[in-house]
Amino acid sequence: MIAVLAFVDATATSLIVFITICIAILVCFIGAAGYAESSRQDSIRVMWRLSAGLAVYCSSIGALVYSGLLERAFVPLGPMFLVGTVVTAVAMAFTPVGRRMAHQVPIAWLVLFQAFRLPLELVLHDWYLSGTIPKTMTWTGSNWDIVSGVFACLVCAFVDKRHWLAWLFNIIGIVLLLNVGRVALLSSPVPFGWDIEPKLELILHLPYAYIVPLCVGGAALGHALLTRRLLERGGKNLRSEKTNFFPL
């Protein structure tokens with residue numbers, strides 16, 4: 001068992017923003033799943049089922065963190081939590097629901113979704129100033145994921161007609177996301193981690209722990225859906241009359 005120093009809570013404002021981001025991510029995926037269905041009845045059915053499944057998933061994660069099991073055995077459970085929840089999120093892209101989302105949701109929406117990484121990085125910076133997380137997890141340290149959020153806002157209006165731009169965004173976003181995972185792991189209390197204080201202990205506390213399955217996992221799922229879309233049918237939307245949301 002690894003000794004864990006006292007955890008410093010973040011500001012109430014940053015927590016409200018963080019929870020709002022997490023809820024927005026869930027709403028986006030539920031809405032996208034409904035949009036991808038061919039009829040209103042199917043949309044409602046899929047949205048209800050997905051909502052129920054996500055509720056169970058989030059409750060299970062909350063119960064795991066609340067139990068203290070991750071803290072008592074951070075190695076190997078901490079890294080396993082990081083990898084396992086992200087893999088679970090990405091796996092959704094290869095389900096029937098994920099396939100329909102990849103085919104039906106406009107590319108512009110798939111890119112714009114990743115804009116949540118901009119306010120999330122602002123939250124992380126605030127948490128660093130509060131002493132909740134180490135400097136390495138911000139753009140002043142080794143985490144430059146804010147670029148993904150800014151890039152998404154800048155290019156989303158052009159990617160429907162310029163798929164090369166969508167590919168460029170997708171590749172950059174994936175690389176930056178992998179870097180987030182690397183920095184998070186090395187900043188956490190693992191034997192091979194960096195010699196920094198405070199250690200990154202977000203997954204040991206609620207609601208902070210949801211940053212991995214919802215934010216990191218959500219970004220990974222978004223990239224998986226975008227990759228499927230760009231690879232299959234040359235990025236063509238089956239609802240072609242709805243693809244051009246930004247006439248540029």
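**Note on the pockets, cavity and core of a predicted model**

1. Helix 1 (12–35), helix 2 (40–67), helix 4 (74–91), helix 5 (96–104) and helix 10 (212–231) each contribute at least two residues to the lining of the largest pocket. The structure is a predicted model. Among the elements of this lining, helix 2 gives the most, with 7 residues.

2. The volume of the largest pocket is about 350 Å³. Its lining comprises 20 residues, and those closest to the centre are Leu50, Leu54, Tyr57, Met92 and Leu221. Sorted by class, the lining of this pocket holds 13 nonpolar, 4 polar and 3 charged residues.

3. The second largest pocket has a volume of about 290 Å³. Two or more residues of its lining come from each of helix 4, helix 9 (163–187) and helix 10. Helix 9 gives the most to the lining of this second largest pocket, namely 6 residues.

4. In the second largest pocket, 15 residues form the lining, and Val86, Leu177, Leu178, Gly181 and Val216 lie nearest the centre. The classes in this lining are 12 nonpolar, 2 polar and 1 charged.

5. The model also has 1 cavity of 30 Å³ or more. The largest cavity has a volume of about 310 Å³. Of the 26 residues lining the largest cavity, Leu82, Ala184, Leu200, Ile211 and Val212 are the closest to its centre.

6. Which helices each supply at least two residues of the lining of the largest cavity? They are helix 4, helix 7 (117–130), helix 9 and helix 10. The largest share, 5 residues, comes from helix 9. By class, the lining of the largest cavity has 19 nonpolar, 3 polar and 4 charged residues.

7. The largest nonpolar core contains 74 residues, of which Phe18, Val111, Trp127, Ile211 and Cys215 touch the most other members. Helix 10 gives the most to this core, with 11 residues. In general, nonpolar side chains tend to be buried together in soluble globular proteins.

8. The contacts of Phe18 deserve a separate entry. Leaving aside residues up to four places away in sequence, Phe18 touches Leu120, Val123, Trp127, Pro207, Tyr208, Tyr210, Ile211 and Cys215. Trp127, Ile211 and Cys215 are, like Phe18, among the core residues that touch the most other members. Ile211 is also one of the residues closest to the centre of the largest cavity.

Terms used:
Residues numbered from 1 in each chain as written. Predicted model: local features only at pLDDT ≥ 70, side-chain atom pairs only at ≥ 80, totals over all residues. Heavy atoms only, no water. 1 Å grid on protein atoms, 1.4 Å probe; cavity = no way out; pocket = protein on both sides within 12 Å on 5 of 7 lines; lining within 4 Å. Points joined across faces, edges and corners; volume = space filled by probe spheres on them. Helix = DSSP H or I, 4+ residues; strand = E, 2+ residues; numbered from the N terminus. Nonpolar A, V, L, I, M, F, W, Y, C, P; charged D, E, K, R; others polar. Core = buried A, V, L, I, M, F, W, Y, C linked by side-chain atoms within 4.5 Å. Buried < 20%, exposed > 50% of the residue type's maximum accessible area, 1.4 Å probe, protein only. Contact = heavy atoms within 4.5 Å.
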